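User: I would like to learn how to read a model like this one, feature by feature. Please show me the structure and then take my questions.

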Amino acid sequence: MEDEKFITGYCRQLDQSRVVTAVTEDGVLTEADCCYPACVHAPACPIAKELQALTDR
């Protein structure tokens, strides 16, 4: 089952607030319109933490 989520937060890479669209399929993150997980700021990023939480369920 495919699920779409919208995550709002501050992006250090872009130095601005933004909304990230994330698509999961059966608990696996299949698409995110940001650099996650390759972003160098991912360890400290609140958006990345929410994206990770989507796959931890």
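Analyst: We go from the overall fold to single residues. The model is predicted: local features need pLDDT of at least 70, side-chain atom pairs count only at pLDDT 80 or more, and totals for chains, interfaces and linings use all residues. Residues are numbered from 1 along each chain as its sequence is written, and side-chain values use heavy atoms, with hydrogens and water left out.

User: Which elements does the chain have, and in what order do they run?

Analyst: Elements are DSSP runs, numbered from the N terminus: helices are H or I with at least four residues, strands are E with at least two. Here there are 3 strands and 1 helix. The order from the N terminus is β-β-β-α. The radius of gyration is 11 Å, close to the 10 Å that the globule rule gives for 57 residues, so the chain is as compact as a globular protein of that length. That radius is taken over C-alpha atoms, and the rule is 2.2 Å times the number of residues to the power 0.38. Along its principal axes, the C-alpha trace spans about 35 × 20 × 15 Å.

User: How much of the chain counts as buried?

Analyst: Buried means under 20% relative accessible area, exposed over 50%, and partly exposed in between (1.4 Å probe, protein chains only). Of the 57 residues, 28% count as buried.

User: What share of the contacts joins residues at least 24 apart?

Analyst: A contact means heavy atoms within 4.5 Å. Take contacts between residues at least 6 apart in sequence: 34% of them join residues at least 24 apart.

User: How many side chains are positive, and how many negative?

Analyst: Lys and Arg count as positive, Asp and Glu as negative; His and the chain ends are not counted. Each charge is placed at NZ of Lys, CZ of Arg, CG of Asp or CD of Glu. The chain has 5 positive and 10 negative side chains, with the centres of the two sets 10 Å apart.

User: Why does Arg 18 count as buried?

Analyst: Because its relative accessibility is 18%. Arg 18 sits in strand β2, residues 16-25. Its side chain reaches the backbone oxygen of Asp 33 at 2.7 Å. Leaving aside neighbours within four places in sequence, Arg 18 is in contact with residues including Ile 7, Cys 11, Cys 34 and Ile 47.

User: Is Thr 24 buried or exposed?

Analyst: Thr 24 is buried, at 8% relative accessible area. This residue also lies in strand β2. Its C-alpha atom is 5.7 Å from that of Glu 2, 22 residues apart along the chain. Beyond neighbours within four places in sequence, the contacts of Thr 24 include Met 1, Leu 29 and Leu 54.

User: What should I check in the backbone?

Analyst: Look at phi and omega. Most residues other than glycine have a negative phi, and most peptide bonds are trans. In this model, Asp 15 has a positive phi of about 55°. Asp 15 is in the loop between β1 (2-11) and β2, and it is exposed at 57% relative accessible area. Asp 26 also has a positive phi, near 55°. Its place is the loop between β2 and β3, and it counts as exposed at 62%.

User: Which peptide bond is cis?

Analyst: The bond from Tyr 36 to Pro 37 is cis, with omega near 5°. Pro 37 lies in the loop between β3 (28-32) and α1 (46-56).

Key. A polar contact is a pair of N or O atoms within 3.5 Å; within protein, one must be able to donate a hydrogen and the other to accept it, and residues adjacent in sequence count only if both atoms are side-chain atoms.
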